[in-house]
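Subject: Structure handover and findings

Hello,

Please find the structure below. My notes on what was found in it follow, for you to read alongside the coordinates.

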Amino acid sequence: MQFIQSLRRTLYRWQQKILYSVVKTRVIGPDASEFKISPDQPVVYALLSPSHAEQLVIDKEVTQFGWTSPNEERLSRRLSAKPFFSLYKRTGIFRRKGSPTVAKQLVKHASWLAEDEQRDIQIIPVRVFWGKAPDKEGSFLKIWLQNSGALGGRLVTLMAILLNGRNTFVHFSTPLSLRELYEADKSPEVLARKVSRILRVHNRQVSASVLGPDLSHRRTLVHNIPRKPMVLKAIQQEVESKGISKAKAQQQALKYADEIASNISYTNIRFLYVLLTWVWNKIYNGVNLHNIETLKEVSKDNEIIYVPCHRSHIDYLLLSYVLYVQGLQLPQIAAGINLNMPVVGPILRRGGAFFMRRTFRDNPLYAAVFDEYLHTIFANGYATEYFVEGGRSRTGRTLNPKAGMLAMTLRSYLRDSKKPIIFMPVYTGYEKVFEANSYLGELRGKKKKKENIFGLLGTLRSFKKSFGKVHVTFGNPIHLNDFLDQEKPDWQQQDYQTCNFRPDWAPAVVNKLALKVATEINNAASVNPINLLALSILSAPRQAMDEQTLIRQMESYRDLLQQTPYSQITALPEGDGSQWLNYAEAMGVFSRSKHPMGDLIQTDDRQAVTLTYYRNNVLHLFALPSLIACLFVNNQRYTRPQVHQNIQQLYSFLQAELFLHWQADELDSDIDRWLDALVEKGYLFENDQGFHATPTTSNEFAMLRGLADNVMQTLERYFLTVSLLIRRGSGSLNAKETEEQSTLLAQRISLLYGINAPEFFDKSLFRTLIQHLQQRELLTRAEDDSLLHGEELKNLSAVLEVILDGALRQSILRSLENELPE
């Protein structure tokens, strides 16, 4: 008997070796190390369909986990049946879809369980994908042989392994306790049927999450779009408005559809995977993922729309790469038409990109075609990705969201809301971005360069440099149904066909959704050593600090976020200040001056401006404590109610600019939380007279001043614009004039005071401020578009005057009197 078992083991291992000579596996799905497998209870594995090859793979993978080999379970006869069972039986050689079945092995397991109430069986659903993504439309054989469902017989499976085996994915799901499903008054057969039904539903969720819907033939999809009712209506309008033939208008619609549509190619994706793996290893020190389990959970039975921040062109590739490695469905990606350049465009298109023009407000036919294409991918259940900021952020801050794509998403959802939609915010934190040099030039006034192939080739020089680590954090999902229920409770009872799925309430709701998305992106921010260095050194005079002081300040920022985290998913760097400083020095982001009394860390003008980008990435995390610190750096004393009153007056302006998540009704409790934290850290003192700063000679005061400086420049910008409006008088300027003159004045102040922060004179930030002043009704617009204001604007100015440095305040006021043109 022992000889036979030994022979079986030997033959089994030889079969595994032969299989793994043509197979390369990657484990996807939940982290198997957290499954909490009990060694006292046997484990069985639920397969989609009977497959000896899959059993060999599963045995190999679980052995590497350190679990008991299923083959050993079988040989030891610990169970009354084999440790594998299937949910479907094969129904033919070539048919892909199997027939549901209740496996005899599962019935035996249920009977074994019923014999002893102390027994339990842990069931682990497993899927083995011999290739998991659709190929280009010409590669029919590989598409057919991809194991996305129950395939044909052994010959077909063998062909699938030979052709796609080097790209095999193994998905392990969380264990299911058979004991928890057991009912004493029900037979083992009933229990087995119940388990089979549960596992088949789970299998469909896994298929949707990993594979996505079947890919339509691109040519068919493109040719169908001009035949859709809404596009036909736009074609007829084109004929009437331009006096062209219907055939010509149809041909134009077809041309637009072909220009837009993606053309996902599995061969291309595999090429990009190999290429990007080399790129990440060559120029990055790794990609760190945070909160990925949340994404895996919600992707099971929802349609995912990824809404990442936009920092770099690398964002397109990075997110798809991460999803591919994690075994999740690759998204259709909205890309600007400027990227549809030779060589690059076809590669991106075959990687899932669909291209859109920057504006199509004056082209109703293009708008109808694009709208229909977007609805097609939503209605078919594809994961999608688009950037709500529109373009890349040049300052490192999250930009004001553009609501266009969100509006089209809502319109599509009102047409067909069968599958729930979830918006998944994604924050990408770089320690160095490819485009740093071009951003620097643009912030200093250079004209933005148009993307071209030569610019792309120029970036190859970057491969000689190190760009540190990249952090990708998946945020808190936004459920569209829940959001609509909150904003418009009766939305499901309305008929939208008469309004062409553009109800009157949609614009306001979409704008709120856009703000929600931007806020949740910021909630998912991760902090890296470069962020902490930038926060610390940019607040120092001349952007230079003693090494030990800089180390302490970096660690202080980390400690504050540990004690009072911005959100539950805020990720902080590992290590200590000394390690972070050495790491940053290796990346060349500052200069070191040797000195017998201690080295000095300093930045030149170029380094300082570049570091503002990385400070701005995480500025919102410290906005509230920094605003509190601003009240005390000039030695003022405030009672707790006075602190609340001043913060309440200023907070909404920072919230509008930095997309802060604290709402007005919860702000007081958060102010108290931060006051207590600053007192505990020794940055503030509290006595019977209220709060006041520590002595100006202390290390704690230096930290308090550095904390305040993070938003002090923002308050200076506010004072600049408010003072301009007051000095010019009510009704003297319109919004555009205020914006332009504020920008000119800010440029002058930045030169006089050496402010190396280009966002200080960023016109878009002045625009945001003016809009928010109107929303707060501190400004109102007259019939001639001039801005009217009263005493409330002067009250805001008075609050800012108390906080700001006197010299800078007087410089702003003198410039208003003498320098600005009337």
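Helices (H or I, at least four residues) and strands (E, at least two) are DSSP runs, numbered from the N terminus. On that basis the secondary structure of the protein chain comes to 33 helices and 23 strands.

Some conventions before the details. This is a predicted model, in which local features need pLDDT of at least 70 and side-chain atom pairs count only at pLDDT 80 or more, while totals for chains, interfaces and linings use all residues. Residues are numbered from 1 along each chain as its sequence is written, and side-chain values use heavy atoms, with hydrogens and water left out.

Overall figures

Of the 822 residues in the protein chain, 55% are buried (buried means under 20% relative accessible area, exposed over 50%, partly exposed in between, with a 1.4 Å probe and protein chains only). Taking contact as heavy atoms within 4.5 Å, residues 24 or more positions apart account for 77% of the contacts with a separation of 6 or more in the protein chain.

Nonpolar cores

A nonpolar core here is a set of buried Ala, Val, Leu, Ile, Met, Phe, Trp, Tyr and Cys residues joined through side-chain atoms within 4.5 Å. The largest one has 197 residues, and the members that touch the most others are Tyr-306, Phe-370, Tyr-386, Phe-423, Phe-474 and Phe-632. Helix H29 (residues 699-728) supplies the largest share of this core, 14 residues. Another core, of 24 residues, lies apart from it and includes Leu-56, Trp-67, Ile-124 and Ala-160.

Residues around Phe-474

Leaving aside neighbours within four places in sequence, Phe-474 is in contact with residues including His-290, Ile-292, Tyr-306, Val-322, Met-424 and Ile-569. Ile-292 is located in helix H13 (residues 292-298) and counts as buried, at 12% relative accessibility. Beyond four places in sequence, Ile-292 touches Gln-326, Leu-328 and Phe-474. Between Ile-292 and Gly-475 there are 183 residues of sequence separation, with 8.9 Å from C-alpha to C-alpha.

Thr-384 belongs to strand S13 (residues 384-385) and is buried, with a relative accessible area of 0%.

Helix pairs

Two packed helices are described by the angle between their axes and the distance between the axes. Axes are lines fitted to C-alpha atoms, for helices over the stretch in contact, and angles run from 0 to 180 degrees between N-to-C directions. Angles under 35 degrees count as roughly parallel, over 145 as roughly antiparallel, 65 to 115 as roughly perpendicular and the rest as oblique. A crossing is left-handed if the near helix is turned anticlockwise from the far one by less than a right angle, and right-handed if clockwise. For the contact residues, Ala, Val, Leu, Ile, Met, Phe, Trp, Tyr, Cys and Pro count as nonpolar, Asp, Glu, Lys and Arg as charged, and the others, Gly among them, as polar.

- H26 (residues 623-630) and H28 (residues 664-680): the axes come within 10 Å and cross at roughly 70 degrees, so the two helices are roughly perpendicular. The crossing of H26 and H28 is right-handed. Leu-624, Pro-625 and Ile-628 of H26 meet Leu-667, Asp-670, Ile-671, Trp-674, Leu-675 and Leu-678 of H28. This contact has 8 nonpolar residues, no polar and 1 charged.
- H22 (residues 529-537) and H25 (residues 605-618): the axes come within 8 Å, crossing at roughly 105 degrees, and these helices are therefore also roughly perpendicular. The contact joins Ile-530, Asn-531, Ala-534, Leu-535 and Ile-537 in H22 to Leu-611, Tyr-614, Arg-615, Asn-617 and Val-618 in H25. These residues divide into 7 nonpolar, 2 polar and 1 charged.
- H10 (residues 229-242) and H11 (residues 246-260): the axes come within 9 Å and cross at roughly 130 degrees, so H10 and H11 are oblique to each other. Their crossing is right-handed.

Backbone

Gln-543 is not a glycine but has a positive phi of about 50 degrees. Gln-543 sits in the loop between H22 and strand S17 (544-546) and is buried, with a relative accessible area of 15%. Phe-659, also not a glycine, has a positive phi of about 55 degrees. Phe-659 lies in the loop between helix H27 (640-658) and H28, and counts as buried at 2% relative accessibility.

Regards
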